Amino acid sequence: MAVPVSQMYTVAKYVLTQKIRGVRRYPLVLMIEPLFRCNLACAGCGKIQYPDHVLDKRLTPEQCWAAADECGAPMVSIPGGEPLIHPEMPEIIRGLVARKKYVYLCTNAILLERKLDEYTPSKYLTLSIHMDGLQEEHDLAVCRDGVYDVAVKAIRAALKRGFRVTTNTTLFDDANPKRVRAFFDEMMKLGVEGMMISPGYSYQKAPDQKNFLKRNRTRDLFARILSDRKRTWRFNQSPLFLEFLMGRREYQCTPWGNPTYNIFGWQKPCYLLQEGYVRTFQELLNATNWEDYGVGRNDKCADCMVHCGYEASAVEDTFGSWSGFGRTVKATLMPGHLAR
Amino acid sequence: MTDSTYHTPEGGALEGRLFRPATSAEQVEVVEQAFDYRGDVTLELTSGEKVEGYVFNRETGDEPFLQIYPKERSGLRTIRYADLAAIAFTGKDTASGKSWEAWVAKKESQRRAEAEHAAAEARARGHL
């Protein structure tokens with residue numbers, strides 16, 4: 001089991017509470033981007049292309065905590081930029097853990113080993129290491145040689161100290177299924193708690209508009225990767241989301257499931273599209289025309305199958321009915337098999 | 001709309017161009033371009049004041065406004081469309097020339113040089 005029982009219980013209790021209260025739109029994972037500055041310059045990344053004075057801006061710990069309090073999601077993901085660059089990141093994490101948020105600190109791990117002393121292992125803190133494949137693929141993706149080896153070394157060090165460690169992998173259209181499967185084997189051998197995978201998306205403002213996956217190619221790629229999957233592979237995400245990636249079920253996007261807060265404010269409408277910003281989470285919920293987004297509703301969403309839009313849809317499916325719950329159990333117990 | 005170039009634009013890119021909208025529709029259009037632009041712009045206000053910075057938000061309601069992070073001071077500034085006279089794309093477009101295709105198409109030596117340059121910048125900031 002990749003996700004600890006306490007975390008599953010917390011999320012299940014939270015979702016069921018929302019349902020009992022009749023809340024139609026609720027956040028599942030708050031995405032906090034505390035800065036956009038990164039120590040890598042990956043080609044195609046739409047998150048780091050800003051003038052220097054913008055890259056120098058950072059959220060304060062108080063802003064991060066206030067966002068978590070206001071949003072109320074049980075899980076907080078901290079991507080960036082590279083969060084470990086933020087000098088107050090340990091304080092930010094301590095505050096979120098004190099609030100009993102399950103925090104995923106997303107990092108390329110270049111600074112991780114050096115900074116491990118600043119963090120305390122906790123069931124609430126997961127180090128989510130960006131790994132885009134085996135050495136050749138990863139170093140190519142991040143446009144720098146040697147990063148894979150640094151990350152592997154940092155993962156070992158973090159595991160040795162008792163941290164929860166997962167990997168997060170974005171797969172592009174040139175991914176080789178055999179190599180990806182071999183990569184999964186390597187990560188499991190390393191001893192990570194679980195893996196998170198997602199297809200890429202062409203950011204509206206990203207320079208890389210052609211290298212991301214189209215919908216059918218996404219399904220085909222993930223079906224080839226995840227069919228007959230090994231029992232040793234553990235994924236730190238909804239089994240129904242994996243079924244969705246494989247083309248075995250259809251979901252509509254749940255863009256409010258992973259709301260994004262950064263130095264500009266609350267991002268409309270989702271983590272991927274930047275259509276504007278508002279000051280409060282409630283304003284985001286109220287002021288966004290959610291019906292304008294999703295497959296069949298918006299050209300920008302046509303090819304998107306990214307986790308930040310569909311993982312929440314899968315979780316909603318799980319808790320939406322007994323049959324959804326049954327599908328989840330089946331997909332968990334028989335991964336890679338068709339769960340109807 | 002007046003569209004004059006006072007730097008050499010790259011292949012029709014916005015960088016280096018100045019827009020002086022003549023109608024509110026043109027104003028909306030050029031603010032949208034500024035919002036999408038990944039570099040600094042310089043706003044010329046009807047008062048004659050100039051504000052250089054990054055436009056990160058705009059709202060086209062009854063009283064349309066944009067929000068900008070000025071380059072030379074902290075905090076954001078909100079400016080009404082009604083107070084805008086011109087927008088110049090004065091800053092470097094930070095997304096330009098950084099596509100995956102461009103990266104792959106470059107010679108190995110060029111890629112290596114760019115990677116080393118990026119690493120050196122990160123090292124200089126203490127981020128490596």
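Is the crossing of H3(A) and H4(A) right-handed or left-handed?

Analyst: The model is a predicted one. In it, the crossing of H3(A) and H4(A) is right-handed. H3 of chain A covers residues 61-71 and H4 of chain A covers residues 89-98. Their axes lie 9 Å apart, and the two helices pack at an angle of about 25 degrees. Because angles under 35 degrees count as roughly parallel, H3(A) is roughly parallel to H4(A).

The residues that make this contact can be named. From H3(A) come A:Pro61, A:Cys64, A:Trp65 and A:Ala68. H4(A) contributes A:Glu91, A:Ile92, A:Gly95 and A:Leu96. By class, the residues of the contact of H3(A) with H4(A) are six nonpolar, one polar and one charged.

Chain A also touches chain B. That contact takes 21 residues from chain A and 25 residues from chain B. On the side of chain B that touches chain A, strand S4 (50-59), helix H2 (100-105) and H3 of chain B each supply at least two residues. S4(B) gives the most, with five residues.

H3(B) has 17 residues (108-124), which at 1.5 Å a residue should span 24 Å; its end C-alpha atoms are 24 Å apart, so the two values agree. After H3(B) comes B:Gly126, with a positive phi near 80 degrees.

How values were computed
Residues numbered from 1 in each chain as written. Chains lettered and ligands numbered in written order. Predicted model: local features only at pLDDT ≥ 70, side-chain atom pairs only at ≥ 80, totals over all residues. Axes fitted to C-alpha atoms, helices over the stretch in contact; angles between N-to-C directions. Helix = DSSP H or I, 4+ residues; strand = E, 2+ residues; numbered from the N terminus. Parallel < 35°, antiparallel > 145°, perpendicular 65-115°, else oblique. Left-handed = near helix turned anticlockwise from the far one by under 90°. Contact = placed C-beta atoms within 7 Å. Nonpolar A, V, L, I, M, F, W, Y, C, P; charged D, E, K, R; others polar. Expected span 1.5 Å × (residues − 1).
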